[in-house]
There are 2 protein chains.
Amino acid sequence: MSPRTYRSARRQAAAEETRRRALAAARELLAGDAFTKITVDTVAKAADVSRQTIYNVFGAKSGLLEALFDALATQGGMDLTEAFTAPGEEAALAAFAETFCGFWASDRLVIRRLRGMAVLDPDLGRLLRERDEMRRSGLKALFSRFEGTTPENIDVIWQLTAFETYDALAEGDRDTSCVAGLITAAALAILHGSRPGA
Amino acid sequence: MSPRTYRSARRQAAAEETRRRALAAARELLAGDAFTKITVDTVAKAADVSRQTIYNVFGAKSGLLEALFDALATQGGMDLTEAFTAPGEEAALAAFAETFCGFWASDRLVIRRLRGMAVLDPDLGRLLRERDEMRRSGLKALFSRFEGTTPENIDVIWQLTAFETYDALAEGDRDTSCVAGLITAAALAILHGSRPGA
DNA sequence: AGATTAATTGGACAGATCGTAAATCCAATC
DNA sequence: GATTGGATTTACGATCTGTCCAATTAATCT
């Protein structure tokens, strides 16, 4: 009746390791050709871990996917300081677009497939919408420095910097920075090209 | 050893009817709250048809979904003649955008979910990419009437008229024609606002 | 009318997959 | 050496897919 408390760096590290391996395995499977066959069992085997462990660590398959999504976002290391410290509107937009395109490109297949699954998985869907809203907030904050940006324009640019837009424009081996350039140009045209009169 | 051939309007009509009912049931389920639970069994029950019939008619669950996707496109009645007979670039683009936005809006949830499933279903994915390519062809044909449109711009406008863009911009109860307007304006800005020099 | 066929049904089955439960093992910690 | 946290093993129930096959019903041909 006196439960001792056992803290340990070693055990904790080992647990981290299995978690890390599971996520890495899931990611690799999702990036591969047989990604439709992604299963708790296949992930466990690929991670050289028992199936039960996956459930112990992540609770459920959806938990594993959510954790993977988070891990991607985290280790993606998105740094928006360049966008926020850029001198002008154009430079800021270019930095913003390049940052996100770089992120989308870093794990294109995995992100695409996770987003597909998110449509059928409410929890994953929430997580994803949350992240997308963060991008929208970022855009809002970015444009608060400049004047005369309508909410509608922000919405459109929000979609221009979305994964789906990157994914569509990157078709046919178009370079990532090239895609970012297209997006930046489009955003700028929308911001300045709207002719209120004629 | 002399297999007679039985043709009949009545039987054929009855078969059409069960097929129609199955598709209608699938569509309704996909539009509802419990769409994650869409199952051959639930579809069959909702259509008041045996599970086996679904397999007889569509071969597999994926066949049912593909048929539904096709049915949506067909009965969506997309008519691009207005876009192709419009006097000028702006009118043509507006008609094009409105036609597609109207289609996307006609079954927004179902289309969204089908597209999500398509990520995990290679056959459905092909079908969907085919349709999207048709939109791209349409755009190319549309702009062949006008000069100076770069392939890059077509790609961007292609994505602007994609379902994902409509879906994102229609968030928060934004009117369909309003979304079409945003898309048209963005496309026009991209076409004319690209400043080649400075 | 009677034979024949098309369309559908019902039940049973194998195989995957998810998720849970309980007993056990092992190594790090007290 | 006893205890604990983490991982494993095995077993199980539930759901869903897809297949097989015998049986049923109604329309069509002769």
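Mentor: Start with a definition. A residue is buried if 20 or more other C-beta atoms lie within 10 Å of its own, exposed if 12 or fewer, and partly exposed in between, with C-beta atoms placed from the backbone. One caution: this is a predicted model, where local features need pLDDT of at least 70, side-chain atom pairs count only at pLDDT 80 or more, and totals for chains, interfaces and linings use all residues. Residues are numbered from 1 along each chain as its sequence is written, while chains are lettered from A and ligands numbered from 1 in the order in which they are written.

Trainee: What makes Asp173(A) count as buried or exposed?

Mentor: Asp173(A) has 6 C-beta neighbours inside 10 Å, so it counts as exposed. Asp173(A) sits in the loop between α10 and α11 of chain A. Helices here are DSSP runs (H or I, at least four residues; strands are E, at least two), numbered from the N terminus. Asp173(A) also has a positive phi of about 60°, though it is not a glycine.

Trainee: And Asp48(B): buried or exposed?

Mentor: Asp48(B) has 10 other C-beta atoms within 10 Å, so it is exposed. The loop between α2 and α3 of chain B holds Asp48(B). Its phi is near 55°, a positive value in a residue other than glycine.

Trainee: How do you know whether Leu114(A) is buried or exposed?

Mentor: Count again. Leu114(A) has 24 C-beta neighbours inside 10 Å, so it counts as buried. Leu114(A) belongs to helix α7 of chain A.

Trainee: Which residues does Leu114(A) touch, not counting residues up to four places away in sequence?

Mentor: Leu114(A) touches Leu30(A), Leu65(A), Leu68(A) and Phe69(A). Contact has a cut-off: the two C-beta atoms, placed from the backbone, lie within 7 Å. Leu182(A) is 68 residues from Leu114(A) along the chain, and their C-alpha atoms are separated by 25 Å.

Trainee: Now helix pairs. At what angle do α4(B) and α7(B) pack?

Mentor: The angle is about 140°, and the axes are 11 Å apart. Axes are lines fitted to C-alpha atoms, for helices over the stretch in contact, and angles run from 0 to 180 degrees between N-to-C directions. That makes α4(B) oblique to α7(B). The classes are these: under 35 degrees is roughly parallel, over 145 roughly antiparallel, 65 to 115 roughly perpendicular, and the rest oblique.

Trainee: What residues of α4(B) and α7(B) meet?

Mentor: Leu65(B), Leu68(B), Phe69(B) and Leu72(B) of α4(B) meet Val110(B), Ile111(B), Leu114(B) and Met117(B) of α7(B). By class, this contact has eight nonpolar, no polar and no charged residues. Nonpolar covers Ala, Val, Leu, Ile, Met, Phe, Trp, Tyr, Cys and Pro; charged covers Asp, Glu, Lys and Arg; the others, Gly among them, are polar.

Trainee: Why are α7(A) and α8(A) called oblique?

Mentor: Helices α7(A) and α8(A) pack at about 125°, with axes 6 Å apart. They are therefore oblique to each other. The contact is made by Arg115(A), Met117(A), Ala118(A) and Val119(A) of α7(A) with Leu124(A), Gly125(A) and Leu128(A) of α8(A). Those residues divide into five nonpolar, one polar and one charged.

Trainee: How many residues of chain A are in contact with chain B?

Mentor: 24 residues of chain A are in contact with 24 residues of chain B. On the chain A side, α7, α9 (151–160), α10 (163–169) and α11 (176–193) give two or more residues. The largest share, seven residues, comes from α11(A). By class, this side of chain A has twelve nonpolar, seven polar and five charged residues.

Trainee: Which residues come nearest to DNA strand D?

Mentor: Of the 30 residues around DNA strand D, Thr18(A), Ser50(A), Gln52(A), Ser8(B) and Lys61(B) come nearest. A residue is near a strand if its C-beta atom, placed from the backbone, lies within 6 Å of it. The largest share of that surface, five residues, comes from α1(A).

Trainee: Which residues come nearest to DNA strand C?

Mentor: DNA strand C has 30 residues around it, of which Ser8(A), Lys61(A), Thr18(B), Ser50(B) and Thr53(B) come nearest. Here α1(B) gives the largest share, five residues. The surface near DNA strand C has eleven nonpolar, ten polar and nine charged residues.
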